[in-house]
Amino acid sequence: MAPFNKCKAVLVLEFNWILYNIGHAVDTCNVIITQHPLKEVDNTVNTVNITCRFSASNCSGSQPQILWFRYFAFTHEALCTPTCTDTQKFTVESNSSLQIKKLTINDSAIYICGIAFSDSNATTSKQVGNGTKLVKRGPEKDSTEVYILMIVLSSLLFLYNTAIFAVIIFYKSKSKLVKKTKKEDVKGEHHKNMSGRTVCRAIVQELYKKRYANNHNQPECLEPDNIYQNR
């Protein structure tokens with residue numbers, strides 16, 4: 001709303017510039033303008049009227065000047081001040097409304113009405129309305145077709161996500177199974193090696209015991225002195 005209020009202030013200054021020093025002062029002249037805030041039309045509409053209702057108190061009996069502007073984003077365009085810039089497209093009606101012909105989507109904007117009594121210098125004799133937001137909708141596809149298309153796309157997306165999820169679960173399960181098999185193979189091999197080592201160690205110990213027993217059971221050799229004495 002801040003840019004719009006700024007634009008409104010600019011329009012008031014422009015009114016003052018257009019009507020500056022025209023006529024004599026009527027300090028008590030007061031103008032109040034009423035505009036509908038929103039007007040929407042579909043894409044088939046080619047001509048539209050934007051109303052501008054106003055009331056004037058303590059003003060002269062002369063006809064006021066009716067001005068129209070439109071507001072795009074951060075800029076405004078003077079349409080009728082009071083002569084219209086494009087008479088083939090814009091026309092100010094007797095009831096102060098603005099008629100727009102050959103309406104396109106590009107004509108969607110905020111249309112601001114201004115009323116000015118040229119024979120008064122009172123600030124309240126030159127007023128602008130709050131603006132009417134005109135929206136022309138573009139061509140729309142059939143809602144049923146759009147609904148069916150959304151259902152089909154949602155179903156395909158669900159199937160795709162399900163398939164991706166299944167593939168991920170499969171590869172994770174396969175990876176865990178491979179790791180578990182490798183661990184079991186390594187453990188079995190280690191157990192096998194340990195069993196072989198244990199058997200081999202037992203055999204070596206048994207041979208060592210037998211050899212030790214044989215060495216201790218042999219008779220001790222006689223001393224030389226004893227041999228000669230026996231002879």
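Predicted model: local features only at pLDDT ≥ 70, side-chain atom pairs only at ≥ 80, totals over all residues.
## A pair of facing residues

The strands β3 and β8 (residues 98–100) run antiparallel, and three bridges join them.

## The sheet around them

Zooming out, β3 and β8 belong to an open sheet of three strands, ordered β3-β8-β7, with antiparallel pairing. β3 (48–50) and β7 (90–92) stand at the edges with a single partner strand each, so one side of each has no neighbour in the sheet. From one strand to the next, the twist averages 25°.

## Thr132 in strand β11

Another strand to visit is β11, which covers residues 132–136 and includes Thr132. Is Thr132 buried or exposed? Its relative accessible area is 2%, under the 20% cut-off, so Thr132 counts as buried.

What does the side chain of Thr132 reach? It comes to 2.6 Å from the backbone oxygen of His36.

Ile148, Leu149, Met150, Val152, Leu153, Leu156, Phe158 and Leu159 make a nonpolar surface patch of about 810 Å².

Take Met150 from this group: this residue is found in helix α2, which spans residues 143–217. With a relative accessible area of 48%, Met150 is partly exposed, because that value lies between the 20% limit for buried and the 50% limit for exposed.

Definitions and conventions: Residues numbered from 1 in each chain as written. Heavy atoms only, no water. Pairing = 2+ DSSP bridges. Helix = DSSP H or I, 4+ residues; strand = E, 2+ residues; numbered from the N terminus. Axes fitted to C-alpha atoms, helices over the stretch in contact; angles between N-to-C directions. Patch = residues over 30% accessible without salt bridge, like charges linked within 9 Å, V, L, I, M, F, W, Y side chains within 5 Å. Areas by Shrake-Rupley, 256 points an atom, 1.4 Å probe, with all protein chains shown as cover. Salt bridge = Lys/Arg side-chain N within 4 Å of Asp/Glu carboxyl O. Buried < 20%, exposed > 50% of the residue type's maximum accessible area, 1.4 Å probe, protein only. Polar contact = N/O pair within 3.5 Å; in protein donor to acceptor, adjacent residues only side chain to side chain.
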